[in-house]
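Please read the points below with the sequence and the coordinates open beside them. They are meant as a colleague's notes.

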Amino acid sequence: MPIATLVPDNVITQTGWSNVTSNLGLDNGVYASMTDDSGDNLTLTFSNLPGTAASINSIKFVIKDIVIQSKSAVENELNVTIMDTLSQYYSTSHGYSSGAFQTITGATQTTSNGSLAWTVSQVNDIRIKLVHSEPINSTPLIDYIYYEVDYNIAATPVQDFIILSSGLIQLTSGKIII
């Protein structure tokens, strides 16, 4: 079961964020930053799965190298929503500390709605929305955001016929239907 790392490929909404467009999809030490206003939000679309993906085992998001430039930590104020154009699948709140870069990893989600498995189409349509629920009196920085998809590769079709270019086939029992 391969794991694909899907990175942002487009910004859908951007309120209060700067330096976003080409930076969040690269783990390069160049940071996107957000103002500290409540409700500032960022919604991103992501690259697609490889064409060989047949079914999905699980997904999880990762926000790498997030830090806040203040003297105190942020408690459950970064809301991360996994969604598509029509549905909200999961929403979680996360805190992070000041002064030290850290990684926020979302829970591994094996279903899109609590009971049905993810489809390739759903995963290819995923958007992730980041919203700060409270003013934090500082500037949060994020280097890299992505999500990991554990998927199954489509089975290779088996030819259901025999080509005999020369020689004989001896049938000792059974029958041949043409």
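Predicted model: local features only at pLDDT ≥ 70, side-chain atom pairs only at ≥ 80, totals over all residues.

1. Salt bridges in total. A search of the whole structure finds two salt bridges. Side chains of opposite charge can pair when their charged atoms come close.

2. Asp-27 with Lys-64. These two side chains form a salt bridge with an N to O distance of 2.5 Å. Asp-27 sits in the loop between strand 3 and strand 4 and Lys-64 sits in strand 6, so the pair ties together parts 37 residues apart in sequence. Asp-27 has a relative accessibility of 41% and is classed as partly exposed. Lys-64 is also partly exposed, at 26%.

3. Glu-148 with Lys-60. Here the side chains meet in a salt bridge at 3.7 Å, N to O. Glu-148 belongs to strand 11 (residues 140–153) and Lys-60 to strand 6, so that distant parts of the chain, 88 residues apart, are linked.

4. Which loop holds Val-7? Val-7 is found in the loop between strand 1 (3–6) and strand 2 (8–15). With a relative accessible area of 22%, Val-7 is partly exposed. Leaving aside neighbours within four places in sequence, its contacts are Gly-25, Thr-45, Phe-46, Ser-47, Tyr-144, Ile-145 and Tyr-146. For Ile-145, which is 138 residues away along the chain, the C-alpha to C-alpha separation from Val-7 is 6.8 Å.

5. Positive phi at Asn-19. Most residues other than glycine have a negative phi. Asn-19 is not a glycine, yet its phi is positive, near 65°. Asn-19 is located in the loop between strand 3 (17–18) and strand 4 (32–34). Its relative accessibility is 43%, which places Asn-19 among the partly exposed residues.

6. Positive phi at Asp-65. Asp-65, likewise not a glycine, has a positive phi of about 55°. Asp-65 lies within strand 6 (residues 53–68).

7. Largest pocket. What is the volume of the largest pocket? The value is about 170 Å³. The lining consists of Ile-162, Ile-169, Leu-171 and Ile-176. By class, the lining has four nonpolar residues, with no polar and no charged ones.

Definitions and conventions
Residues numbered from 1 in each chain as written. Heavy atoms only, no water. 1 Å grid on protein atoms, 1.4 Å probe; cavity = no way out; pocket = protein on both sides within 12 Å on 5 of 7 lines; lining within 4 Å. Points joined across faces, edges and corners; volume = space filled by probe spheres on them. Nonpolar A, V, L, I, M, F, W, Y, C, P; charged D, E, K, R; others polar. Helix = DSSP H or I, 4+ residues; strand = E, 2+ residues; numbered from the N terminus. Buried < 20%, exposed > 50% of the residue type's maximum accessible area, 1.4 Å probe, protein only. Contact = heavy atoms within 4.5 Å. Salt bridge = Lys/Arg side-chain N within 4 Å of Asp/Glu carboxyl O.
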